[in-house]
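Please have your viewer ready.

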Amino acid sequence: MAAVATVAALGIFVASRLAAPYIVSSSLVRGSIEKAISRWSGHEVEIAGTPSLQFWPEPRITLPNVTITSRGPAKPGDTVIGGKQIIAHVDLLSANFGLIKAVMGNPVFDDFYLVRPHLYMHRDAEGHLDWAGKGLLSDAIAHAEDNGKGGQTLDKAYDARIGTITVENGRIDIDDQQLRRKIVIDSIFSHLFWPVMSAPVGGTANMIIGGVDTRLDFSSSQPLLLFGGGVGQTEFSLTAPVMTGTFKGKTGLAPARFASGDLSFSVSNVPGLLAWTGATLPGTEALHTVAVQATVTAEADRIRLDGLSLTANDAKATGLMDMAQGRSGKPKLSGTLAFEQMDIPTVLGAFSLSAPDIGANKGKSGLLNWLEFDLTLSARKATYSPFTLTDMGASILVTDGTAVFDIADSTLADGALVAHLEGRNGGFDQGAHLDLSLTNADMSDIEGKLALTGPLPLGTGSLTVSAETNRALWETKPSDINGTLTLNAGPGRITGINPDGVRQTAAAQKFFRLQDAGKGDWAFDSMTLSATLGKGSINIDKGELLGSAQSGTFSGVVPYDFKGLALSTEMRPSTAPASNEADGAAPLRLFIGGSWPDLILSPAGAQPAPKQ
């Protein structure tokens, strides 16, 4: 009996397919699918081509040149045809339909296949997408509710069947008023599975965004809540050659925001990402990879990132972030980041990120046009080449048109360093003013980092600098720096200077090289120096050495590259009585020129000290 039933069923199936072309009208199916698309989208539908029907193995209709237009008047900037705004155009659309209901004159369609669909979308200044008219989809969105279990509920009256949607070589044009730019996504090949509107949705899409192959995997148990501008359970991953990103939790799409969940993304090629997005990030040319992981929690007025893990190249940081509305009306990002190692110019350069913005000057809009910052930073090691600070505690405050980077505590060359850096015009990319204090530092360590050789002061010293530049910090060269410098050091010694040898050689020669005066050191109890910085040089206003045997003063110009320096100096005995002047104890004035460390000395003649 079972075999007979099977054969009978198969016979009925085959017979129905053979008879279908004679009992199902193509014009009926065409008119029905035209109405179905219109009811589903809420827009007008026009089919310009001749439909074709097939009934094996399933009844299916194929429609060429399908155009969906808005029922309302076209607005400036819209893509129009016949005075109407075009919502979408599909070169070829096909769908399955039920044979029995088709025979009864009311076919129901599902499993749609779209060839070269072109969708035109508008995103307003608030971030909402304007694409759905008043139809079955908008009705379902309006009546969908959260079921409290991570899903959605929908009255059966609005629960239309969809099935699968397959897209071959599609394109989306988005006129984004919020970003003030046009976005094109093309070469879309996707497959979406959405049985009925109340069900979860899932799918994949391969596409080209900005010339780059990109893959999106997406699923949501609350799609109608998402499409309606609400928050729903979502899981997605984005994969591109330069980056990958995933999110799992609750999120909203319009305007884009996160509610709560696990977020991660990694950038394997930062320059490639910047080129892809059209953004710029000056001063970070050495930054190649970035990775971020965090748990996101959002409330009505703030977003929090807990368990934040940030990796930039080989530098790693952990901490937490909080974003809320600042006093200026911009979002304000606050929090703490603890680095094992950080590069200061790279961190400051990140605040100069700019992105395409057709409404902004030169078509760019900077990060600081969108956000304020109040960050506390710590680092076991912090570099500003060629120097490395240890155990640094710092902060970055960007608000009310000011940008300040403060180092409250750090160690450099065994000394304590504090600094205050204030950017120009509310950022760090147009110059800055620096106030720096380094106390009780090992001068030999500083000189070693600068790769200096020759006659150098050794010992413990304290340095204060007040300087400014009109260029971005990462572009600043020594010749761009202007300011003042003071140095206090001692006790110590200057290597490579033999005071007695200098006196003896000066008595016999009008010009001589410093090394011709013999080896030795100039010991001092204290050294003071005050100078101005400018025009590529250290301009020493006054320098003084006080020692138990020899003292001296000096002034002049030392170029930053230590070439072509010009100094005037006077050596004098510290405690020699006036009666010893004839024995070579009188002050000796010298002119020092040449390039460091190959110095040329020329005596100006001994000047006897005034008699008391």
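A residue counts as buried when its relative accessible area is under 20%, as exposed when it is over 50%, and as partly exposed in between. With a relative accessibility of 13%, D322 therefore falls in the buried class. Please keep in mind that this is a predicted model.

**The chain as a whole**

The protein chain contains nine helices and 37 strands. Of its 612 residues, 42% are buried. Its accessible surface is about 30,900 Å², and carbon and sulfur atoms account for 58% of that area. If you look at contacts between residues at least 6 apart in sequence, 50% of them link residues at least 24 apart.

Strand β17 covers residues 290-298 and strand β18 covers residues 302-312; the two run antiparallel and are joined by eight bridges. Within this pairing, T297 sits opposite R304 of β18. On to the next partner: β18 also pairs with β19, residues 315-325, again in the antiparallel sense, through nine bridges. Here A312 faces A315 of β19.

What lies between β18 and β19 in their hairpin? Two residues do, and N313 in this turn has a positive phi of about 55 degrees.

The side chains of D322 and R302 come together with N and O 2.4 Å apart. Because D322 belongs to strand β19 and R302 to strand β18, the pair ties together parts that are 20 residues apart in sequence. The two partners fall in separate burial classes: D322 is buried at 13%, while R302 is partly exposed at 32%.

As a reminder for reading such strands, side chains in a regular strand alternate between the two faces of the sheet.

**Salt bridges elsewhere**

How many salt bridges does the structure hold? The count is 15.

| Salt bridge | N to O distance |
|---|---|
| R171 and D173 | 2.8 Å |
| D322 and R302 | 2.4 Å |
| R493 and D521 | 2.7 Å |

Is R171 buried or partly exposed? Its relative accessible area is 32%, so R171 is partly exposed.

**A helix with a buried face**

Finally, turn to helix α4, which spans residues 136-143. Which of its residues are buried? They are L137, S138, A140 and I141. Looking down the axis of α4, these buried residues fall within an arc of 160 degrees, so they line one face of the helix.

Terms used:
Residues are numbered from 1 along each chain as its sequence is written. This is a predicted model: local features need pLDDT of at least 70, side-chain atom pairs count only at pLDDT 80 or more; totals for chains, interfaces and linings use all residues. Side-chain values use heavy atoms; hydrogens and water are left out. Two strands pair if DSSP finds at least two bridges between them. Helices (H or I, at least four residues) and strands (E, at least two) are DSSP runs, numbered from the N terminus. A salt bridge is a side-chain nitrogen of Lys or Arg within 4 Å of a carboxyl oxygen of Asp or Glu. Buried means under 20% relative accessible area, exposed over 50%, partly exposed in between (1.4 Å probe, protein chains only). Contact means heavy atoms within 4.5 Å. Accessible areas come from the Shrake-Rupley method with a 1.4 Å probe; for residues, only the protein chains shown count as cover. The arc is that of the directions from the helix axis to the C-beta atoms.
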